[in-house]
Amino acid sequence: MKMIGIVVLLAASFCFGQDSGDFKPATSNVLDARYPKVDSNARVLVRFKAPDATKARLNFWSGPKVDMEKQPDGFWTFTTPPMAPGLHYYTIIVDGAEVSDPGSTAYFGGNKWASAVEVPEAGDDYYQPKDVLHGQVHEIWYHSSVTETWRHAFVYLPPDYDTSKARYPVLYLQHGGGEDESGWIRQGKANFILDNLIASGSTKPMIIVMANGYAARAGYVVPDLTGKPFGSPEFMTVMQERMGAFEDDMTQVLIPFIDKTFRTLTDRDHRAMAGLSMGGMQTFQVTFNHLDLFSYIGGFSGAANVFAMENNKLDTKTSFHGAMADPAAFAKRVHLLWIGVGTNEPERMKSGLESLNAALDEGKVQHIFYESPGTDHEWQTWRRDLKDFAPRLFRPVGQQPARGARTLD
């Protein structure tokens with residue numbers, strides 16, 4: 001009995017050490033929530049109360065999907081293997097019902113409010129608030145003549161906006177599919193990334209506009225796509241219609257509204273657009289159809305389907321009305337063409353963007369191809385993308401960083 005007691009005591013001490021030693025509450029938790037926790041090895045400990053449940057399954061979207069273990073006190077727990085740095089969405093499947101973790105802040109992703117846990121990136125705090133001057137994020141509403149609705153966007157104004165009379169260049173920065181216009185602030189920390197880059201002197205002060213990427217023309221009814229797979233003619237027709245409505249809303253309504261409301265530099269040399277995933281596809285459609293409006297273009301894990309629909313190789317001589325047919329003329333007109341991907345992204349997406357990069361190389365089209373090491377189709381990839389992309393914007397000719405190089409963070 002004495003030996004059994006010692007074993008139980010040691011086991012309890014081990015569990016306690018796992019819980020309270022190196023594990024700390026995630027910075028993404030709601031106020032005073034103790035779980036989920038993250039340790040210095042980037043493991044995540046999730047603890048969820050469901051005393052009457054018979055099964056609980058942890059569902060990380062870019063991580064483990066595993067059964068949790070029920071504890072005597074009615075809590076279900078699981079500790080993940082080390083995870084990549086960044087913000088990881090997850091839900092918990094409790095007896096077949098998908099629910100959020102009440103300990104986590106809710107983020108809009110996957111077309112729903114979901115939990116997420118922030119895993120710190122060791123030795124790198126470029127996306128964290130620091131003791132520097134901070135810009136302000138404004139929420140705006142504007143009425144669209146394209147959709148005949150009121151539409152919503154976020155606008156980042158640089159730290160010196162209110163204390164100067166200067167006019168500023170503008171970056172239009174788009175979210176991905178299943179997310180919304182809040183994503184680049186709440187998940188991406190774009191405001192802190194820009195604050196820190198501007199404070200370091202590596203990035204020009206700029207305005208960033210983050211718009212709602214979903215639009216439908218007035219009177220348009222989205223057809224029922226039940227049973228229609230992605231890539232089917234019916235699906236592609238709807239996608240093209242919705243992207244066209246977004247394009248018209250941005251170019252005919254949003255940009256004029258921003259230029260009228262804020263102190264912007266209104267020529268194409270001071271206007272950029274970039275986006276992640278779906279937002280990258282939108283970026284390439286909008287910018288290449290309106291090169292009179294934009295001279296800086298960025299695709300973060302996006303643009304593959306626009307450039308190479310149905311896996312067809314991009315033809316730089318004919319695509320986009322022949323905009324890249326003359327590489328030298330294109331380089332003078334478009335000051336930056338930038339493409340990024342995470343090295344651990346799904347193979348189809350990764351290979352598509354690598355193929356795009358190869359086609360641009362073959363066509364001698366100047367561009368940047370950036371790879372984020374060890375990250376998936378997730379926010380740490382896109383934070384790193386913005387960190388590399390923003391310092392390249394709005395620079396005089398001759399001051400751009402080297403083009404066409406494969407870079408690692």
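I take two strands to be paired if DSSP finds at least two bridges between them, and I note at the outset that the model I am reading is predicted.

**Entry 1: the pair β2 and β3.** I looked up strand β2, residues 37-38, and found that it pairs with strand β3, residues 44-49, in the antiparallel sense over two bridges. Within this pair I located K37, which stands opposite L45 in β3.

**Entry 2: the sheet around that pair.** As a reminder to myself, strands of a sheet pair through backbone hydrogen bonds, either parallel or antiparallel.

**Entry 3: strand β13 and its partners.** I asked myself which strands pair with β13, residues 149-157. On one hand there is strand β12, residues 136-144, which pairs with β13 in the antiparallel sense over nine bridges, and here I noted Q136, whose bridge partner in β13 is L157. The hairpin of β12 and β13 has four residues between the strands, and in it I found E148 with a positive phi near 55 degrees. On the other hand, β13 pairs with strand β15, residues 207-211, again in the antiparallel sense, over four bridges, and F154 stands opposite M210 in β15. I also checked burial along the strand: seven of the nine residues of β13 are buried, so this strand is largely enclosed by the rest of the structure.

**Entry 4: helices α3 and α10.** Turning to the helices, I looked up how α3, residues 190-200, lies against α10, residues 379-389, and found that their axes come within 10 Å and cross at roughly 30 degrees. Since angles under 35 degrees count as roughly parallel, that makes α3 roughly parallel to α10. The crossing in which α3 passes α10 is right-handed. For the contact itself I listed A190, I193, L194 and L197 on the side of α3, which meet R383, L386 and K387 in α10. The residues of this contact divide into five nonpolar, no polar and two charged.

**Entry 5: the protein overall.** Finally I recorded the totals, with ten helices and 20 strands making up the secondary structure, and with buried residues amounting to 52% of the 409 residues. Among contacts between residues at least 6 apart in sequence, I noted that 70% join residues at least 24 apart.

Methods:
Residues are numbered from 1 along each chain as its sequence is written. This is a predicted model: local features need pLDDT of at least 70, side-chain atom pairs count only at pLDDT 80 or more; totals for chains, interfaces and linings use all residues. Side-chain values use heavy atoms; hydrogens and water are left out. Axes are lines fitted to C-alpha atoms, for helices over the stretch in contact, and angles run from 0 to 180 degrees between N-to-C directions. Angles under 35 degrees count as roughly parallel, over 145 as roughly antiparallel, 65 to 115 as roughly perpendicular and the rest as oblique. A crossing is left-handed if the near helix is turned anticlockwise from the far one by less than a right angle, and right-handed if clockwise. Contact means heavy atoms within 4.5 Å. Ala, Val, Leu, Ile, Met, Phe, Trp, Tyr, Cys and Pro count as nonpolar, Asp, Glu, Lys and Arg as charged, and the others, Gly among them, as polar. Buried means under 20% relative accessible area, exposed over 50%, partly exposed in between (1.4 Å probe, protein chains only).
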